[in-house]
Amino acid sequence: MRDTASMSWTVSALVRAVSDALKARFAVLNVKGEISSFTRAASGHCYFTLKDETSQIRCAMFQRAAGMLSFNPANGDEVELQGRLALYEQRGELQLIVEVMRPVGQGRLLEQFQQLKTKLGNEGLFDTARKRAVPRYPQVLGVVSSLQAAALHDVLIALRRRAPHVRVVIYPASVQGTQAAAELVSAIHKANQRHEADTLLVCRGGGSLEDLWSFNEEAVVRAVAASSIPVISGVGHETDFTLTDFAADLRAPTPTAAAELAAPMRADLLKTVFQHAQDMQRQVRVYLDQLGQRIDHAALSLKQPAVLLHTQKNRLEQAALRWQQALRQQLTSSSQQVLEQERLLPLYAKQVLQQNQSQLDQLSMRWQQQEPVRLMRNAHQRLEQLAWRNRDALQQQLQSKQHQMQAQASRLSASALQGLDARQQRLQHLSVRLNAMNPSQVLSRGYAWISDANGRVYNSVTQLQPGQQIQAQFADGRAAAEVKQVMPDLIQHADDDSTV
C-alpha cells in the first residue's frame with residue numbers, strides 16, 4: 001500500500017494495471033442477469049447491459065461468439081453468460097466480454113443434449129455412411145408437422161410454387177409439449193407403414209431450446225434414423241440444431257428450405273427436358289449429316305457414272321431390240337408355216353381326189369366285167385361313202401391345222417408382250433436406281449466435288465497443298481480455284497475411315 005500511495009500513475013498505466021489485475025483475478029466466470037439496451041452492430045458485434053435488481057454491467061459479444069447463438073436475444077430475456085472481465089481502456093469502463101450466452105434453465109438441457117448426442121453418436125446413428133440420397137424427382141412428399149404450425153403453411157406454399165405436380169401427404173403430430181415426442185414417433189412409423197411417400201419432411205418453426213426439445217428426444221431421433229423413407233429435417237431456424245438434424249439423411253436450415261431441397265423447381269425440370277430434346281435433335285441432325293456425307297462420298301467414288309449410265313441404257317436398248325427382232329422372226333416363221341400349210345392343203349386335196357379317181361376307175365372296170373346293175377349300185381354307194389368320209393376328214397384336218405396355228409400365234413404374241421413388259425419394267429427400275437446414284441442429284445443440293453485438271457477426284461484434305469490448282473464441280477457448271485490453306489480436322493469418326 002505504501003508503494004502504491006507513493007507512486008505517481010499515468011492514467012494509461014493505471015488502467016492497464018487494473019485490467020491485468022482483473023484478468024488475473026477473474027479469468028473465466030459465469031454471470032446471470034437480465035438483458036437490456038441490446039443492440040447488434042452492422043459488423044455482427046452485440047452490445048448490451050446485464051442487470052439485476054440493484055446493479056448492472058456493460059457487456060460486449062463479438063461477431064465470432066454472436067454467430068454461435070442458438071436463439072435471438074431480446075430485451076427482458078434472463079440469460080446466463082460465460083466470459084471474462086476487462087477494462088475498455090479508452091474510457092476506463094468495466095465490461096464483460098461474453099463468449100457464451102444461453103437462456104436461464106438451458107444448462108441442464110444442454111448437458112442432456114450433449115450426453116445423448118455422444119451416446120447416439122457412439123452407436124453410429126449420426127454416421128455419414130448410413131445416410132441415403134434424397135430422391136431427385138419425387139412424386140409424393142410426406143410432411144410430419146402440426147396442422148396448426150406456420151412451418152407447415154410455409155412448406156405447402158413453397159411446394160405449390162415450386163412443384164405443383166408433386167402430391168403432398170400430411171402426417172399430423174404435435175411439435176411441442178409433453179405428448180409431442182410420442183406423436184412424432186407415431187407419425188413417422190405410420191408414414192413408413194403406408195410407404196406412399198418418396199421423401200419424408202420433419203418440420204417445425206423456430207423457438208427456444210425448450211420449444212424444440214421434442215426433436216431431441218431419444219425415441220424421435222431413433223425413429224428418424226430407422227425410417228426406411230429418406231428423411232429431411234427442417235426444424236427451427238438456421239442457427240438451431242437438434243439431434244434430429246444429425247440423424248436425418250439431410251438437414252435443412254428452415255422448413256421452407258426443406259421443401260426446396262425435397263422438390264426441384266418445375267420450371268427447371270421443364271428447361272432440362274427441353275435442353276435434352278434439343279441435344280437429341282442436334283445429335284440426330286449430326287448423324288444424318290454424317291450419313292449424307294458417306295452417301296455423297298460413295299457416289300463420288302463411282303468412276304464416270306454418266307458413262308456407266310449411258311452404257312447400261314445402251315445395253316438395255318440393244319436387248320430390247322434383239323427381243324423385238326426375235327419376236328418378229330418367230331411371228332414371220334409362224335406366218336410362213338401357216339401359208340405353207342394353206343398352200344399344201346389344195347395339193348393334198350387334189351392328191352386325195354386323184355387317188356379316189358383311180359379307185360373309181362378300178363371299180364368301173366370291175367363293173368364292166370361283172371353284173372352291170374349290181375356293180376353299179378354298189379360302186380355308187382361306196383363312192384358316195386368314200387366321198388363323204390374324205391370330205392369330212394379334209395374338213396377336220398383343215399380345222400385342226402387352223403386351230404393349232406391360231407393357238408400358236410396367240411401364245412407367241414402373249415409371250416412376246418410379256419417379255420417386252422418385263423424388259424421395260426427392268427429398264428425403268430435400273431434407270432431410277434442410276435438416277436438416284438447420279439452425283440448430279442447430290443450436287444443440286446448445294447454440294448460440290450473437288451478434282452484436278454484431269455478430273456481425278458480429291459476426297460481428303462491430306463491430298464491438297466497450299467497453292468495447288470483445283471476444280472470444283474457444281475450441279476450447273478465447274479469453277480477453277482486455288483488452295484490457300486489446308487486445315488485437317490482432328491476429330492476421327494468411329495464409323496468412317498475418312499477425316500472430316
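Trainee: How many residues has the largest nonpolar core, and which of them have the most contacts inside it?

Mentor: Two remarks on conventions come before the answer. This is a predicted model, in which local features need pLDDT of at least 70 and side-chain atom pairs count only at pLDDT 80 or more, while totals for chains, interfaces and linings use all residues. Residues are numbered from 1 along each chain as its sequence is written, and side-chain values use heavy atoms, with hydrogens and water left out.

Mentor: In soluble globular proteins, nonpolar side chains tend to be buried together. A nonpolar core is a set of buried Ala, Val, Leu, Ile, Met, Phe, Trp, Tyr and Cys residues joined through side-chain atoms within 4.5 Å; buried means under 20% relative accessible area, exposed over 50%, and partly exposed in between, with a 1.4 Å probe and protein chains only. Here the largest core has 36 residues, and Phe 126, Val 144, Tyr 171 and Leu 200 have the most contacts inside it. Among the elements that give two or more residues to this core are α4 (106-122), β6 (140-145), α6 (180-194) and α8. Helix α6 gives the most, with 6 residues. A second, separate core of 21 residues includes Val 15, Met 61, Ala 65 and Ala 66. Helices (H or I, at least four residues) and strands (E, at least two) are DSSP runs, numbered from the N terminus.

Trainee: How is an aromatic pair read, and how many does the structure hold?

Mentor: A pair of aromatic rings is described by the distance of the centres and the angle of the planes. Rings of Phe, Tyr and Trp (its six-membered ring) pair if their centres lie within 6.5 Å; planes under 30 degrees apart count as stacked, over 60 as edge-to-face and the rest as tilted. The structure holds 3 such pairs. In one of them, the centres of Phe 126 and Phe 246 are 5.7 Å apart and the planes stand at 45 degrees, so this pair is tilted. Phe 126 lies in the loop between α4 and β6 and Phe 246 in helix α8, 120 residues apart, so that the pair links distant parts of the chain. Phe 241 and Phe 246 form a stacked pair, with 6.3 Å between centres and 25 degrees between planes.

Trainee: In what order do the strands close into a barrel?

Mentor: Two strands pair if DSSP finds at least two bridges between them. Here 5 strands close into a barrel in the order β1-β2-β3-β5-β4, with mixed pairing. Strands β1 (residues 29-40) and β2 (residues 46-51) pair in the antiparallel sense over 5 bridges. Ile 35 has Leu 50 in β2 as its bridge partner.
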